[in-house]
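Open the structure in your viewer and keep the selection tool at hand. The tour goes from one residue to the next, then steps back to the whole chain.

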Amino acid sequence: MGARKKISAEKRKEALKTLYFAKLKGVPSSPRKMRYVVDMVRGMEVNRALGVLRFSKKAAAADVEKLLRSAIANWETKNDRKAEDGELYISKIFVDEGVTMKRMRPAPRGRGYRIRKRSNHVTLFVDAKTNDENK
């Protein structure tokens with residue numbers, strides 16, 4: 001690895017130490033279905049988002065709930081204390097497209113239809129509210 005590349009990699013690592021996030025990779029549902037759930041909780045306070053995800057009928061909500069709990073635990077680990085009620089909120093959450101598995105399905109007249117089994121990656125950032133935001 002070159003010197004400049006190593007320096008920029010170290011800067012990136014240092015920047016990630018101040019961020020509190022969790023990633024979920026390779027979820028076997030389409031990104032479009034996952035974005036419906038993610039859009040429901042974007043920007044919400046953490047406890048309210050957990051309630052919304054708990055009572056959502058979408059199958060992807062269980063995955064996002066587990067990811068949110070992981071991000072909260074990461075925040076608590078890095079800060080060496082428990083999060084208070086109303087302190088944390090979802091600052092950023094996004095869904096990226098993952099690997100698409102291609103399969104064939106029999107079709108009439110000896111042909112084959114292509115089936116695309118999509119997957120996605122979800123990244124969730126939590127942050128603490130400052131005193132100005134609480135007022």
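Select Tyr20: at 15% relative accessibility it counts as buried, where buried means under 20% relative accessible area, exposed over 50% and partly exposed in between (1.4 Å probe, protein chains only). The model is predicted, so local features need pLDDT of at least 70 and side-chain atom pairs count only at pLDDT 80 or more, while totals for chains, interfaces and linings use all residues. Residues are numbered from 1 along each chain as its sequence is written, and side-chain values use heavy atoms, with hydrogens and water left out.

A pair of aromatic rings is described by the distance of the centres and the angle of the planes. The structure holds three aromatic pairs; rings of Phe, Tyr and Trp (its six-membered ring) pair if their centres lie within 6.5 Å, and planes under 30 degrees apart count as stacked, over 60 as edge-to-face and the rest as tilted. The ring centres of Tyr20 and Trp75 are 6.2 Å apart and the planes stand at 70°, so this pair is edge-to-face. It links distant parts of the chain, 55 residues apart: Tyr20 is in strand S1 (residues 20–27) and Trp75 in helix H4 (residues 60–79). Helices (H or I, at least four residues) and strands (E, at least two) are DSSP runs, numbered from the N terminus.

Next, select Phe21 and Phe125. They form a tilted aromatic pair, 5.4 Å centre to centre with 35° between the planes. This pair also links distant parts of the chain, Phe21 in strand S1 and Phe125 in strand S5 (residues 120–128), 104 residues apart. Is Phe21 buried or partly exposed? Its relative accessibility is 21%, so Phe21 counts as partly exposed, whereas Phe125 is buried at 12%.

Then show Lys92, whose charged end sits over the ring of Phe125, 4.7 Å from its centre; the rule asks for NZ of Lys or CZ of Arg within 6 Å of the ring centre and within 35 degrees of the ring normal.

Finally, show the whole chain as a cartoon. The protein has five helices and five strands, in the pattern α-β-α-α-α-β-β-β-β-α along the sequence. Its C-alpha trace spans about 70 × 50 × 20 Å along the principal axes. Buried residues make up 32% of the 135 residues.
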